Amino acid sequence: MAKKVLIIAGDAVEALEIYYPYFRCLEEGFDTTIAAGSVQQLHTVVHDFVGWETYTEKEGYLIEATAGFDEVDPAEYDALIIPGGRAPEHIRLNEYVPGIVSHFFETNKPVAAVCHAAQVLTTAREHLQGREMTGYIACKPEVEAAGSTYIEAPLHTDGNLVSGHAWPDMPGLMREFVKQVNER
C-alpha cells in the first residue's frame, strides 16, 4: 500500500515549494493530496533573491487543491508537508488547520516545513516547545515566540520535524523527508 502524504497550502504558495515536493512525492510513489480552504485552483507565486533586501514576487503557475481542510482526516495520512510563500499567513487562520497540524506531531509522523511554514506551525505551538527548527529568517520571531530555537542553517531536522530555509533548500529537505516517510 502506498504511503499517503498531505500538503496543505493556499493562494500565494511559493511555486517551487509546492511543485518540487508534490512531484518528488509522486516520483516516490506516494499518494499525495493537496488540501486548501476549499477544492480549487491555487495561484502560486515565484519568489527570488535578486539584490533586494528581501525577496521579489511574481505570479506563478496554477496547481489544483483536490481537498478542502474541512474534509481532511489527518489520521489517513503518513506525513505532512507545509510549503511557504505567503499562503501560510492566511491558511493558519483556517479553523481546521491547527488540528491537522497537531495530529502529525501527536502521532510523531514526518512533517516538512519550509520558508514561511513556521507561521502555520505556530497554530500548534504546544508541539514546538523546546524544539529546534529553521525557516525563512523573517519568521525567526514566530519560531521563537512559539517556544522553539531558531537554527540559522538552510536545513535542520529535529525528530519528525524537517525544516528548510527556502526553496533553494528543497533537495536536502525532501531527501530527509522521503527517508523518514519510507522508514515509517
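Select Glu 132, which is partly exposed, with a relative accessible area of 32%; on this scale buried means under 20% relative accessible area, exposed over 50% and partly exposed in between, with a 1.4 Å probe and protein chains only. The model is predicted, so local features need pLDDT of at least 70 and side-chain atom pairs count only at pLDDT 80 or more, whereas totals for chains, interfaces and linings use all residues. Residues are numbered from 1 along each chain as its sequence is written, and side-chain values use heavy atoms, with hydrogens and water left out.

Glu 132 belongs to strand β9 (residues 132–133). Helices (H or I, at least four residues) and strands (E, at least two) are DSSP runs, numbered from the N terminus. Now display the surroundings of Glu 132. Apart from neighbours within four places in sequence, Glu 132 is in contact with Thr 149, Ile 151, His 156, Asp 158 and Leu 161, where contact means heavy atoms within 4.5 Å. Ile 151 is 19 residues away along the chain, and its C-alpha atom is separated from that of Glu 132 by 6.5 Å. The side chains of Glu 132 and His 156 are joined by a polar contact of 2.9 Å. A polar contact is a pair of N or O atoms within 3.5 Å; within protein, one must be able to donate a hydrogen and the other to accept it, and residues adjacent in sequence count only if both atoms are side-chain atoms.

Next, select strand β12 (residues 161–164). Which of its faces are covered? Both are: Leu 161 and Ser 163 on one side, and Val 162 and Gly 164 on the other, are all buried. In a regular strand the side chains alternate between the two faces of the sheet.

Strand β8 (residues 111–114) runs parallel to β12 and is joined to it by four bridges; two strands pair if DSSP finds at least two bridges between them. Ala 113 has Ser 163 as its bridge partner in β12. Strand β11 (residues 155–158) pairs with β12 in the antiparallel sense, also over four bridges, and Leu 155 has Gly 164 as its bridge partner. β11 and β12 form a hairpin with two residues between them. In the turn, Gly 159 has a positive phi of about 60 degrees.

Select helix α3 (residues 97–106), which is mostly covered, with seven of its ten residues buried. These are Val 97, Ile 100, Val 101, Ser 102, His 103, Phe 104 and Phe 105. The buried residues of α3 pack against β1, β7 (79–82), α2 (87–91), β8, α4 and β12. Just after α3, Asn 108 takes a positive phi of about 55 degrees.

Move to Cys 115, in the loop between β8 and α4 (118–121). Cys 115 is not a glycine, yet its phi is positive, at about 60 degrees. Is Cys 115 buried or exposed? Cys 115 is buried, with a relative accessible area of 6%.

On a 1 Å grid over the protein atoms alone, a cavity is a set of points where a 1.4 Å probe fits but cannot get out, and lining residues have an atom within 4 Å of a point. About 30 Å³ of space lies in the largest cavity.

Finally, select β2, β4 and β5. These three strands form an open sheet in the order β2-β4-β5, with mixed pairing. β2 (13–14) and β5 (56–65) stand at the edges, each with a single partner strand, so one side of each is left without a neighbour in the sheet. β2 pairs with strand β4 (residues 40–48) in the parallel sense over two bridges, and Val 13 has Thr 44 as its bridge partner in β4.

The last stop is Ala 12, found in the loop between β1 (4–8) and β2. Ala 12 is buried, with a relative accessible area of 9%, and its phi is near 75 degrees, a positive value in a residue other than glycine.

Conventions
On a 1 Å grid over the protein atoms alone, a cavity is a set of points where a 1.4 Å probe fits but cannot get out, and a pocket is an open set with protein on both sides within 12 Å along at least five of seven lines; lining residues have an atom within 4 Å of a point. Grid points are joined across faces, edges and corners, and a volume is the space filled by probe spheres set on the points.
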